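I opened this notebook to record what I looked up in the complex, working from helix packing to charged pairs and then to confidence.

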Amino acid sequence: MKVRKAFQSSENKDVVRRKWDLLLISEWREIKAQNLTYLGLPGPELRDLIDWQDYLARERTAVEGYYAAGKSNIDPDIQQRILTNAMALGGNFSSGFQLLRGDVESLILTGHDMNGAFPQCSKSRGEYWFYDLINLDFCGGVGYESKRGISRRISALKKIFERQCGHDFLLLLTFNVRSTVGKQIEEYLDDAQARFGCGNPRFAQLLNAHRAQRGNKMSLVLKAAIPCIIQQFSEPHGFAVRCYPPVEYTGTGRAVLVHFAFQCMHINRSGFPVHSDRFTFQSLQEILELPLMGIRDGEIIALEEFK
Amino acid sequence: MREEDVGATLISILSEGLYTNPLHAIREYVQNSIDAGAHEVIIKMTGNTVIVRDDGCGMNLEELRQARQVGISRKEYAQFVGFRGIGIYSGFGLCNRLVIVTQKAGEDKQYTLIFDFEGMRRQITEERKDRSKTMALTELIYRYSWFEEASGNPTQHYTIVHLLDIGRPHFDQLYNVEKLRQYLLRNVPVDFHLAFPYREEIVQQLSRLPGYRASQIRIQADGQEDVLVVKPLIPNLAPPKTGYLTHNNKEIAFYWWCRHIYPERIPEEYASYRGLVYKLKGFTIGSNALLRGYFRRGGGILHDWITGEIYVLDEEIVPNAERDDFQASQAKEILTNKVRELVEEVERDVDRWRTEVRARKVIDTARESIRAVQEKLDTQEFSTEEYWDLRETVRSAEESIKKQMRSLPFPEREDAHALKRQAENLRERIQRKIASVHPAGERRGRSISVALPSTQASLVQTSLTLPATEPSLIQTIQESGWEIPTGVERLFTIIDRALKELLNRESYQNILKHISERLEEE
């Protein structure tokens, strides 16, 4: 008889979830003045949903699956494990819990899962979403590219702001530093350098300091790249974004991951001028000046300061 | 017979033959949950998956192994609904994969049984194409199903059945939550709504019946509010009456019924719960229409005033295949006769109560009339004609009290009697007034009306206007305890008018009296 073991979450991941995200989520819940609808990748053990349940609304959508051979797939064992765990936690937990099948990028890009099911907090056949909390805990890096040189993950990130247009949300993102900075990512950084570096020597200096860590400390490259990307994607859709300091941690299999959090407030539908050097709440310089956080002895501390 | 003598195709013949409707398959899994003593069963529909989760006793490995067997059940017929040992395969034609995860209280292991139904069906299809590839049923099951174990929580107990990858047409059918709810209400033993005030009282008695189990069922579907499948919370019901139907000292059925607290129908939205319905081990046999014809009084109107259930206990009474009636048998005949007697008793009971309610209403009106006349007499002087009118009013009230008081129970009858004496005294007082004003004491002139301050004014005013004692055809019918359905009232008014035009007063009165007597006899 096959013996099944529970999926192991890394201790560091637990710290991030319980000591960092929980704080941001409780603050976001205060701002929204209601429990938060959730869409994310909670994994078979549903740890997000369990640890954050006091702040979450009834409507929670989990996405499970992977992309292979040009299409979405799901491992039936994992699917069944997620559902078993959700059901074993009782009727109140399973009420409003939705499982969508397939890779999350396909879901975001198409608006539906591999079986044609739409996210429960959506309208117009999945065209527009209204989730309060989106947690995309990617196992891999951000920059896997297609043959056309386009990262599906990057395209999906862009699409999220289109789907969520008109609805404030907290976006949590986690990337593996491996295979993370492709050609597309470099282009975003070049673009930011060209646009804002000339008139702002401090910004140029900070950006160069981050980019210079390529091959050495990739977390810092990501620390600069991801906010640049989010800014460019969010503001055309009318979002003002607050970026929190990213957290670097070592996950299972010694993988180095960087965890980001963005508070995305929808201000208007007409959109902001693209290529402005400011997030509504912070300038790019201010964002680069944010510290890189890390975990020591189960606590989250600033690893590197940029002031 | 050897193992290999039973071919794999049998599973397909059995399950697909028995469970032609996907709802039947869901019913089987819910029924298993109820048989496992579940208090709550959750049916979750998400994506193309249906999950049935219960908080029943769960299974250990040995019990899970037994559950996989075909046509072997350890459940006793009298105690459980599922007894054929095939129900676990009811999802065979419905989903590609069936997973049963179970945790028994006190066990530190959680066990999982997985069926690859898609693989089984593929194997059977290949067999049909190529007869050389035949496989024994046992081999098919062993090859396409397996067990897994994981660490469990000994404090928990549950069973979770996953029907994974359900085909689109089937799933569309299941996703109609209202249809599923109605189906479950009829086909599995569901509990009363927790807020039903007599739930505990009735369930306490039902739980003594052999095989009685009931659960609260919750349907959870993506993007929809949870739907609770329980017997509805019908408002304004009087406390239940319960009892057994017996034959030769043997209890053949248990019943409970409640009437509406007002003399009126149970609301339209609960129409399917009006009257009485047969139950067998919790599921419904037929509908309330099956027993509707047994209600005779007032054209069967009392059927709509009550709600109740008859739980059949006699094992000789077997439902037909459609479950819309019982198979013909002597035992069924006996039950039918007993139920007829029960319905007669119910009707007598409700009728008695209805007569009491009507009597109270009439006496209250009479009391108000008497009070109004008394007040007038105490404060004003009247002409002879006016005194005659007042006297007539009191006499009419006195007649009403006299007629209705016998319908009341003892303490209230005493009160009515006192009121009648009060009316008699008042009438004598008016008589003396008439004698003092006009000694000849003859009646002349027309009616007066006495204005009243209370909300009863219009009623009393009617009774003070002559001829106060002449009821209409509609009043006569209603006072005899019959209800005139809305819309037919106008028809009766036309008939009434025609009778008044054609007949003299005496004949008209005689006809009404005759009608009243006939209705009372009914």
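**Helices 7 and 8 of chain A**

I began with helix 7 (residues 183–196) of chain A and helix 8 (residues 201–211) of chain A, in what is a predicted model, and found that their axes come within 9 Å and cross at roughly 160°. An angle over 145 degrees counts as roughly antiparallel, and helix 7 of chain A and helix 8 of chain A are therefore roughly antiparallel to each other. I noted the crossing of helix 7 of chain A past helix 8 of chain A as left-handed.

I then listed the residues that meet: helix 7 of chain A contributes E186(A), L189(A), D190(A), A192(A), Q193(A) and F196(A), while helix 8 of chain A contributes F203(A), A204(A), L207(A), N208(A) and R211(A). Sorted by class, this contact of helix 7 of chain A with helix 8 of chain A holds 6 nonpolar, 2 polar and 3 charged residues.

**Helix 10 of chain B and its partners**

Next I turned to chain B, where the axes of helix 10 (residues 330–379) and helix 11 (residues 384–405) come within 9 Å and cross at roughly 155°. Helix 10 of chain B and helix 11 of chain B are therefore roughly antiparallel to each other, and the crossing is left-handed.

From helix 10 of chain B, the residues in this contact include A359(B), V362(B), I363(B) and A366(B), and among those they meet in helix 11 of chain B are Y387(B), L390(B), T393(B) and V394(B). I counted by class for the contact of helix 10 of chain B with helix 11 of chain B and got 13 nonpolar, 4 polar and no charged residues.

I also checked helix 10 of chain B against helix 12 (residues 410–437) of chain B, whose axes come within 11 Å and cross at roughly 30°; this crossing, too, is left-handed. Which residues of helix 10 of chain B meet helix 12 of chain B? I found R360(B), I363(B), R367(B), I370(B), V373(B), Q374(B), L377(B) and D378(B) on helix 10 of chain B, and on helix 12 of chain B they meet residues including E412(B), L419(B), Q422(B) and R429(B). The contact of helix 10 of chain B with helix 12 of chain B has 9 nonpolar, 2 polar and 5 charged residues.

**Salt bridges**

I followed up the one in which the side chains of D77(A) and R97(B) meet, with N to O at 2.9 Å. This pair crosses between chains, since D77(A) lies in helix 3 (residues 76–88) of chain A and R97(B) in strand 3 (residues 95–103) of chain B.

**Confidence**

Finally I looked up the predictor's scores, and the complex is given an ipTM of 0.83 and a pTM of 0.75.

Chain B averages a pLDDT of 85, and 87% of the residues score at least 70. I marked residues 445–468 of chain B, where the pLDDT is below 50, although this stretch has 41 contacts in the model beyond near neighbours in sequence.

How values were computed: Residues are numbered from 1 along each chain as its sequence is written. Chains are lettered from A and ligands numbered from 1 in the order in which they are written. This is a predicted model: local features need pLDDT of at least 70, side-chain atom pairs count only at pLDDT 80 or more; totals for chains, interfaces and linings use all residues. Side-chain values use heavy atoms; hydrogens and water are left out. Axes are lines fitted to C-alpha atoms, for helices over the stretch in contact, and angles run from 0 to 180 degrees between N-to-C directions. Helices (H or I, at least four residues) and strands (E, at least two) are DSSP runs, numbered from the N terminus. Angles under 35 degrees count as roughly parallel, over 145 as roughly antiparallel, 65 to 115 as roughly perpendicular and the rest as oblique. A crossing is left-handed if the near helix is turned anticlockwise from the far one by less than a right angle, and right-handed if clockwise. Contact means heavy atoms within 4.5 Å. Ala, Val, Leu, Ile, Met, Phe, Trp, Tyr, Cys and Pro count as nonpolar, Asp, Glu, Lys and Arg as charged, and the others, Gly among them, as polar. pLDDT is the predictor's confidence in each residue, from 0 to 100. A salt bridge is a side-chain nitrogen of Lys or Arg within 4 Å of a carboxyl oxygen of Asp or Glu.
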